[in-house]
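Thanks for coming. I will go through some strands, spaces and ring pairs, with the structure on the screen.

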Amino acid sequence: MEQIDDWIIISPDDVDLNKSPLRTSLGKDTYVLGSFNPGMARLPNGNLLLMVRVAEALSEPVKDGHIHTIRWEDGRYVIDRYALDEVETEDPRKFTLKRFKPNIVYALTSLSWLLPVELSPDGRSIAEVHYDKAIAPDRSSQEYGIEDARISQIGNKYYMTTCTVSSERHATTLFESNDGLNYRFKGIILDHQNKDMLIFNEKVGNEYYALTRPLGSLYFVTGKSSEWIPGPSINLATSPDLMHWKPFDKAFIRPRTGSGFGNRIGGGTPPILTDKGWLMLYHGVENKGKVGIYRTYWAMLDKFEPWRILQHDDTRPVLEAMDSLTERMKDKIYLKDVVFTTGIAECNDHFIVASGELDLACRISRIPKKIFGL
């Protein structure tokens, strides 16, 4: 069988922070914690677009007995500080404020914005970095950043979902574009504790379809004989206009006893239509340590009735983190065992798949269609 070919296309050193939107008002030295989890689309000129999440952090986050964090407020970036004895800092990506316990209230160690990067048609090289088209927080619902873009092309328009992070809510927003490069904010389309929303690349019947993943922390135990594990699941939703979404009544893809992952699961690539149905790649997380092991799995859905799962492999991952890809960046690594797949495009007898590697860099994988039985 043909092998998957993988390479890193963008690393933190590829981002020029002299052109960062934070430099307009922050006034502090920063560095790129990660440039990762890119949405992907095929542009009208044949090139690929990556919408890269740039997580920008303070170079000196801990100083004078305090930890500092970046936040957007009223058109500028500000720095908040918290005494070290007020917080718990087990996760390098965020810290917890003790005074709100038993509720879990986080602050982030970085603020994320989106950088459009144009690649060659095969994803092998960078054609242009569009700093002038970067998308940065500009409203209170984005005060802690914009994360994890996913892009779907429906007809001649591009639609991008993102996760918006703030003290108001952790929600899904929609952007729209006529050319894949210039995006307009359309609004919040899924409310608090919803992320990883992936819109199908065509209507099914007269409706738009999307995969969703409500987060939440309240779950109920499944029956003792059930094959399902309680926890987050990938759900379906439909919409007449892309702005108003109705959750599907039946459960969709759930964590299963005997699968390669535990109780965490979420969407990866927007479903892409093939000769055998809708192909979707998603992530499952094996419980290990604080973060877990993130891997990429796949499923094939019926073309006309996408709630029907035709094929589903939740035991053999398509992608896993590869140490060799990030060896040259080992001084910047702060997580292990994480691949987070976020984009897919066709390229003859292969798919070009985009992922975040270790929440650090953008990985491109050239995956033969034969792997999916195509």
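Four strands, β2, β12, β21 (272-274) and β25, each supply at least two residues of the lining of the second largest pocket. The strand giving the most to that lining is β25, with five residues. A strand here is a DSSP run of E of at least two residues, numbered from the N terminus. A pocket is computed on a 1 Å grid over the protein atoms alone, as an open set of points with protein on both sides within 12 Å along at least five of seven lines, and lining residues have an atom within 4 Å of a point.

Before going on: this is a predicted model, where local features need pLDDT of at least 70 and side-chain atom pairs count only at pLDDT 80 or more, while totals for chains, interfaces and linings use all residues. Residues are numbered from 1 along each chain as its sequence is written, and side-chain values use heavy atoms, with hydrogens and water left out.

Back to the pocket. About 310 Å³ of space lies in it, a volume being the space filled by probe spheres set on grid points, which are joined across faces, edges and corners. Of its 17 lining residues, Q153, N201, I272, I344 and A345 lie nearest the centre. The lining of this second largest pocket divides into nine nonpolar, five polar and three charged residues. Nonpolar covers Ala, Val, Leu, Ile, Met, Phe, Trp, Tyr, Cys and Pro, charged covers Asp, Glu, Lys and Arg, and the others, Gly among them, are polar.

Now to the sheet that holds β25. Which order do its strands take? The order is β1-β27-β26-β25, an open sheet of four strands with antiparallel pairing. Pairing requires that DSSP finds at least two bridges between two strands. The edges are β1 (5-10) and β25 (339-347), each of which pairs on one side only. β25 is joined by eight bridges to β26 (residues 350-357), and the two run antiparallel. Within that pairing, F340 stands opposite G356 of β26.

F340 also takes part in a ring pair. There are 11 aromatic pairs in the structure, counted for rings of Phe, Tyr and Trp (its six-membered ring) with centres within 6.5 Å; planes under 30 degrees apart are stacked, over 60 edge-to-face and the rest tilted. The rings of Y294 and F340 have centres 6.3 Å apart and planes at 55°, so this pair is tilted. Because Y294 lies in β23 (residues 293-301) and F340 in β25, the pair ties together parts that are 46 residues apart in sequence. Elsewhere, ring pairs link F200, Y209 and W278 into a cluster.

Next, β3 (residues 48-58). Of its 11 residues, 11 are buried. On one pairing, 10 bridges join β2 (residues 30-42) to β3, antiparallel, with S35 partnered by V54. β2 and β3 form a hairpin with five residues between them, and G46 in the turn has a positive phi of about 95°. β3 is also joined by 10 bridges to β10 (residues 110-119), again antiparallel, and R53 has L114 as its partner there.

Last, the cavity, meaning a set of points where a 1.4 Å probe fits but cannot get out. How many cavities of 30 Å³ or more are there? The structure holds one. The largest cavity has a volume of about 30 Å³. β12 (146-154), β13 (157-165) and β16 (194-199) each supply at least two residues of its lining. The lining includes D148, R150 and K195.

Terms used. Buried means under 20% relative accessible area, exposed over 50%, partly exposed in between (1.4 Å probe, protein chains only).
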